[in-house]
Amino acid sequence: MIRWYSFPDERPDSCLRQIPAELRPIPPLSSTPFHSPPRWWLQPPASTAMPPLLHLYFFALLLLCSFQASQHQSIPQSITYSLEEEAPVDTLVGKGVWRLWNQGGARGGGPVLTALQSALQGKPAESTEKHCVHFSDSCQLSLEVAVQSSDGFFKNVKVEVVIRDKNDNSRPFQAEHDTERVGSGQQRLHSLPRARLRQRRQAPECAPFTIVQSHNLVGIPQLSLVVSGPLDREVVPVYNLTVWAYDGGQPPRAGAMTVSVLVLDVNDNAPTFTKAVYSVNVSESAPEGTAILTVSATDPDDGDNAALQYTISVQQPSSERQKLRVGAKDGVVTLAKALNVGVHRVLVEVQDGGSPPMAAQAVVQVTVLDTDNNPPALNVDLLSVLDMKPGFVPERAKVSTAVAYMAVSDPDTNANGIVTCSCHSDRFDLQPLDLNEYKVIINMPLDREEEDHYTVLITCADGGSPRLSASATFDIWVVDANDNAPAFLQKDHFVSVAENNSPSDGLIQVAATDADSGDNANVTYSLLGAEGNFLIGAQNGLVKVIHKFNYEQRSRYVFYVLATDHGDPPLTSTATVTVNVLDVNDEIPTFSAQEYVMSVDESVKPGTYIGNVSAFDPDTGPGGQVVLSIVQSLGSDFPIPFAIRNTGVIVTTGPLDREQRGSYVLYVMAKDQGSQPLSSTALVRIDILDINDNPPQFVFPENGSNTYTLPIPVQANFIVGTVRAVDPDSGLNSVVSYSTVGGNSSYFRVDEFTGSLITARDMDEAQVGSYYLLVRATDKGSPPLSSEQKISLYVTRHSQYCCPPPPASLVFHPSAQPPYQHGRHPSRQPSTP
């Protein structure tokens with residue numbers, strides 16, 4: 001910020017003392033007339049930032065009078081000046097005059113004129129190219145000026161100073177000369193920064209280059225030299241150019257730079273042999289390593305691209321590559337071995353050191369002259385027959401199958417080079433293919449089992465004089481074909497074994513042979529139809545039993561043994577094995593049931609059929625014959641009134657009385673007739689069925705104690721006492737019911753089921769006396785049987801207890817009602833839950 005200082009206009013000199021020392025007038029301006037504005041150094045305060053481009057001098061003369069506040073409105077808010085760059089010191093930047101009139105219109109009371117003049121001058125000479133932003137078309141500096149008066153007026157004025165560019169640069173290039181290198185594919189060579197150009201050109205203009213101008217992100221022009229046409233180092237290795245640049249100023253300025261463009265070599269030329277075919281004649285006796293000629297090639301490229309290396313080309317059979325050698329650097333061709341008579345053509349190759357390399361080929365033709373007589377040379381190659389290794393032939397190979405190829409060579413000429421050959425084997429023969437080429441074929445069928453190896457001899461002789469010959473031998477092995485099936489030494493096998501054998505016992509061993517060899521003769525065994533009862537060793541043919549034999553379940557087994565070789569396809573044969581199981585007495589006779597229950601009436605006669613038991617023994621012979629007998633009777637020492645016949649029928653042998661014994665438990669034994677007999681037993685229970693042959697018998701009261709005394713008063717349905725009868729029979733025959741058949745039945749009655757004696761009416765003093773009842777006990781038999789008992793009853797006036805208690809063994813019929821309590825009225829009995 002720039003500060004303007006104000007002071008009274010009548011004493012301008014006093015203002016000098018109020019202005020800081022750094023703003024004192026510059027000598028000799030003190031003699032300047034008062035109306036000319038003095039010049040002052042103006043330095044910004046230390047806290048005010050100011051561009052280093054221009055330090056402004058400031059001089060001000062203020063004629064201040066008293067004026068109205070509204071007269072200050074003519075001072076502008078901002079002002080702009082322009083200045084050309086590199087202006088010298090003390091250059092006037094601009095002036096500004098403001099006239100303010102008041103209502104008085106005259107000096108001392110009339111119009112008052114306040115004049116303000118300002119001068120902005122450049123201090124050091126500067127350049128816009130140094131301090132202004134490159135990508136801006138103008139350069140501006142900003143500052144602020146404070147204006148104040150003695151009456152308290154104050155205002156900030158913004159001042160803009162525009163620095164105008166001057167066409168004062170004539171060197172658009174940073175260097176006067178440059179050297180560039182361009183290779184294959186490179187286009188942009190050189191950039192020239194800080195060049196404000198309107199025009200540019202190059203010389204010579206016919207060179208394959210053009211000039212392209214662009215701008216970077218900050219607006220700086222970029223001038224580039226671009227390849228615009230093909231370059232060929234072998235035609236023009238160097239281009240010397242002059243680049244001219246013109247700006248748009250007034251007057252315009254220009255600059256020039258020389259550029260040397262070196263064209264770098266690329267590997268664009270292949271080597272070239274001096275000849276396409278190099279021919280030479282050599283003697284057939286020339287040894288290995290003999291130098292026969294030199295090949296050479298040229299390459300117009302430069303550096304590694306022209307560095308040449310010679311080799312024998314790999315693009316030919318190895319047999320041809322092995323004939324010659326060539327020096328990698330000098331191209332000298334030598335013999336790699338002694339060559340046969342004839343013409344030999346070998347490819348040689350030259351390759352440069354470029355990346356990628358380029359190559360060329362030439363032919364070296366060597367003619368070997370016939371100078372000596374040589375014997376024939378035989379070369380036999382064994383062939384693969386049916387994918388087998390050479391030298392191995394399957395015995396099933398057809399006649400005329402080729403087993404070998406033979407080539408015969410003789411470097412001689414005329415009759416010395418004419419060769420005839422023959423095969424010395426009755427199973428093989430030679431068959432011509434072409435001149436001096438043969439195939440060895442099978443002449444007769446082969447049988448490995450007859451002969452598995454042949455040594456074949458072949459001889460060849462030329463037509464010279466004397467004749468020279470050579471021979472070759474090779475071996476042929478006949479490979480077995482699976483043409484023989486396994487053969488069992490015995491086709492049918494019979495074996496007998498007793499039952500109850502141990503599992504895994506060896507039963508029989510079978511064997512089969514195979515006339516073939518190798519896997520074709522490797523025989524393995526398996527079973528057919530064995531049903532899981534037998535197994536066999538796959539390698540040894542041993543047949544074993546898996547389970548115990550049981551003659552009674554199965555007495556004969558027939559199965560097959562299958563012998564299989566490992567040929568492709570495999571061949572098989574079978575043998576029959578018959579196993580007969582021998583019976584032993586190992587089965588215990590078995591009853592059809594473990595317990596039999598039978599019944600018979602007690603009144604039957606001896607010899608009466610009761611029932612039947614059965615036993616079975618699956619053994620054969622005496623071991624399967626069963627004899628039955630009764631061996632024991634449980635629970636009685638009496639004789640057994642029964643017998644069993646061998647058919648299993650049980651009959652009675654004496655009288656039966658159920659009341660003496662109601663059932664019999666017998667053990668019946670079944671015993672076979674084997675040498676070591678086996679037996680088993682079954683339980684037979686015979687129940688004696690009851691018949692109604694016993695009437696009921698009174699057991700209470702006993703004879704002599706069949707009298708009851710009853711004191712009065714007594715009510716009806718009072719239990720006086722009880723009678724009881726039993727029947728030794730069983731079932732319904734033993735069920736007893738009671739009834740009255742005589743006596744004073746109007747006063748007393750008997751319960752049908754319990755035998756209780758009950759009063760039939762109330763009894764008092766009037767009924768005192770003696771009474772009796774005739775009680776009958778009847779069973780439920782058919783026909784029923786019964787017995788009777790007389791009961792005496794006395795009705796008395798005494799209160800003593802009248803009746804003996806009933807016996808503890810009193811048993812009531814299941815269908816009877818609960819018994820009355822003795823001595824109690826039945827209507828007063830507690831209810832049954």
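Colleague: What should I know about the model before I start?

Modeller: It is a predicted model, in which local features need pLDDT of at least 70 and side-chain atom pairs count only at pLDDT 80 or more, while totals for chains, interfaces and linings use all residues. Residues are numbered from 1 along each chain as its sequence is written, and side-chain values use heavy atoms, with hydrogens and water left out.

Colleague: Let's begin with strands. Which strands form the open sheet that includes E44, and in what order?

Modeller: Strands, like helices, are DSSP runs numbered from the N terminus (E, at least two residues, for strands; H or I, at least four, for helices). Two strands pair if DSSP finds at least two bridges between them. Here three strands form an open sheet in the order E40-E44-E43, with antiparallel pairing. Strand E40 (609-612) and strand E43 (642-644) are at the edges with a single partner strand each, so one side of each has no neighbour in the sheet. On average, neighbouring strands of this sheet are turned by 20° against each other, direction ignored; axes are lines fitted to C-alpha atoms, for helices over the stretch in contact, and angles run from 0 to 180 degrees between N-to-C directions.

Colleague: How many bridges join E43 to E44?

Modeller: Three, and E44 covers residues 649-652. Phenylalanine 642 stands opposite threonine 652 in E44.

Colleague: In which sense does E28 pair with E22, and in which with E27?

Modeller: E22 (residues 392-394) pairs with E28 in the parallel sense over three bridges, whereas E27 and E28 are antiparallel over nine bridges. For example, the bridge partner of phenylalanine 392 is tryptophan 477 in E28, and cysteine 460 stands opposite alanine 470, also in E28. A hairpin through six residues joins E27 to E28.

Colleague: Where is proline 466, and what is its peptide bond like?

Modeller: Most residues other than glycine have a negative phi, and most peptide bonds are trans. The bond from serine 465 to proline 466 is cis, with omega near 0°. Proline 466 lies in the loop between strand E27 (453-462) and strand E28 (469-479). The bond from serine 782 to proline 783 is also cis, with omega near 0°.

Colleague: And what is the phi of asparagine 436?

Modeller: Near 65°, a positive value in a residue other than glycine. Asparagine 436 is in the loop between strand E25 (428-434) and strand E26 (437-442).

Colleague: Is asparagine 436 buried or exposed?

Modeller: Buried means under 20% relative accessible area, exposed over 50%, and partly exposed in between (1.4 Å probe, protein chains only). Asparagine 436 counts as buried because its relative accessibility is 19%.

Colleague: Which residues touch the most other members of the largest nonpolar core?

Modeller: A nonpolar core is a set of buried Ala, Val, Leu, Ile, Met, Phe, Trp, Tyr and Cys residues joined through side-chain atoms within 4.5 Å. Among the 26 residues of the largest one, they are Phe273, Ile292, Val295, Leu324, Val364 and Val366. E20 gives the most to this core, with five residues.

Colleague: What about threonine 759: where does it lie?

Modeller: Threonine 759 is in strand E53 (residues 756-759), and its 0% relative accessibility is why it counts as buried. A polar atom of its side chain lies 2.7 Å from the backbone oxygen of glutamine 715.

Key. Polar contact = N/O pair within 3.5 Å; in protein donor to acceptor, adjacent residues only side chain to side chain.
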